[in-house]
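Subject: Structure handover and notes

Hello,

Here is the structure you asked to look at. My notes on it follow below.

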Amino acid sequence: MDGSGTALHKPINLSGEKLLAAYFPVLDPRVPLERLGIYDDAGVDLVELGMKAADPHLEGDTISRSMMRSTGEGRLSDAGVALRKIAGFKSGARSVIFAYPDAPLADSAKDWTGADILLCAGPHGDRRDRIVSDARAAGVAIAEFVPHQIDRADIERAGRASAYVMLQYAAGRTGIRDGIDRSASARLQKLRQHGITVPVLLGVGISAPDQCRHALDCGADGIVIGTKTVMMAERGRAALMDYLGEIRQVIDGR
């Protein structure tokens, strides 16, 4: 991996394999940094580093509480140790800075050393545009989030993604859901029909093996797991390893 992220300033080459993206909370005192190594052992492809946020409006209770519980300041430097650790993963996993466009991030968005990808959630506006522009200038690839209800602005923004698009699987805030979303396939195909060629990952409301299988059957290039990952990470090393290993096996068709 190029520490500056320049090697990722183009779409991810999947080689036909499916991606597993998993969330890791930055500086959450309930999730020690040493648990990040489990993501390497489990074969996670994209490690989503969740930054402290003042108003994580897209998140359900588990992740929003984790973000607000973080002892960091919401600055890029909060993720420095985690980024260096991911850079040493034997699996070659890529790092994803997942953040809201808060002032501390905007004020520190110059040194992107070690960051491969940025996924900056809304609200959309000048501050978010500046953060994304600074990341691009540093050679960091950009991922874009597309909500459950897709409008033209969402499609235009997805077209500017250089890494991947995260398409919302289930409506509402992040969290555990029962059942599957039967509209996912049509919504994913809508993106493809509008010329989106980067990988499309489905996330939000995906945690169980049957939901993962359904997402892949819909044509997704991978899945994003967040809430249950944090819950298992809080529970301990064994619980986290068992869960990530189970989902990796589902993605690999085992």
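Is Tyr23 buried or exposed? Tyr23 counts as buried, because its relative accessibility is 2%, and the cut-off for buried is under 20%. Please keep in mind while reading that this is a predicted model.

Aromatic residues

The structure holds 3 aromatic pairs. In one of them, the ring centres of Tyr23 and Phe98 are 6.3 Å apart and the planes stand at 75°, so this pair is edge-to-face. The two partners come from distant parts of the chain: Tyr23 belongs to strand S1 and Phe98 to strand S3, 75 residues apart. Phe98 has 9% relative accessibility and therefore counts as buried. Phe98 also pairs with Tyr100, again edge-to-face, with 5.9 Å from centre to centre and 75° between the planes. Tyr100 is buried as well, at a relative accessible area of 3%. Together, Tyr23, Phe98 and Tyr100 make up one aromatic cluster.

Helix H2 and what covers it

Helix H2 spans residues 61–69, and its buried residues are Ile63, Ser64, Ser66 and Met67. Viewed down the axis of H2, these buried residues fall within an arc of 160°, so they line one face of the helix. Asp61 and Arg65, on the other side of H2, are exposed. The cover over the buried residues of H2 includes strand S1 (19–25), strand S3 (94–99) and helix H9 (227–235).

How are H2 and H9 placed relative to each other? Their axes come within 9 Å and cross at roughly 60°. That angle makes H2 oblique to H9. On the H2 side the contact is made by Thr62, Ile63 and Arg69, and on the H9 side by Thr227, Val230, Met231 and Glu234. Sorted by class, the contact of H2 with H9 has 3 nonpolar, 2 polar and 2 charged residues.

Backbone points to check by eye

Most residues other than glycine have a negative phi, and most peptide bonds are trans.

- Leu27 is a residue other than glycine with a positive phi, near 60°. Leu27 sits in the loop between S1 and helix H1 (36–42), and at 39% relative accessibility it counts as partly exposed.
- Val204, also not a glycine, has a positive phi of about 90°. Val204 lies in the loop between strand S7 (200–203) and helix H8 (209–217). With 8% relative accessibility, Val204 counts as buried.
- The peptide bond from Gly122 to Pro123 is cis, with omega near 5°. Pro123 is found in the loop between S4 and helix H5 (126–137).

A lysine in a loop

Where is Lys110? Lys110 is in the loop between helix H4 (103–107) and strand S4 (117–120). Its relative accessibility is 65%, so Lys110 counts as exposed. Leaving aside residues up to four places away in sequence, Lys110 touches Leu76 and Asp134. The C-alpha atoms of Lys110 and Ala22 are separated by 25 Å, and the two residues are 88 residues apart along the chain.

Regards

How values were computed
Residues numbered from 1 in each chain as written. Predicted model: local features only at pLDDT ≥ 70, side-chain atom pairs only at ≥ 80, totals over all residues. Heavy atoms only, no water. Buried < 20%, exposed > 50% of the residue type's maximum accessible area, 1.4 Å probe, protein only. Helix = DSSP H or I, 4+ residues; strand = E, 2+ residues; numbered from the N terminus. Arc of directions from axis to C-beta. Contact = heavy atoms within 4.5 Å. Axes fitted to C-alpha atoms, helices over the stretch in contact; angles between N-to-C directions. Parallel < 35°, antiparallel > 145°, perpendicular 65-115°, else oblique. Nonpolar A, V, L, I, M, F, W, Y, C, P; charged D, E, K, R; others polar. Phe/Tyr/Trp six-rings, centres within 6.5 Å; stacked < 30°, edge-to-face > 60°.
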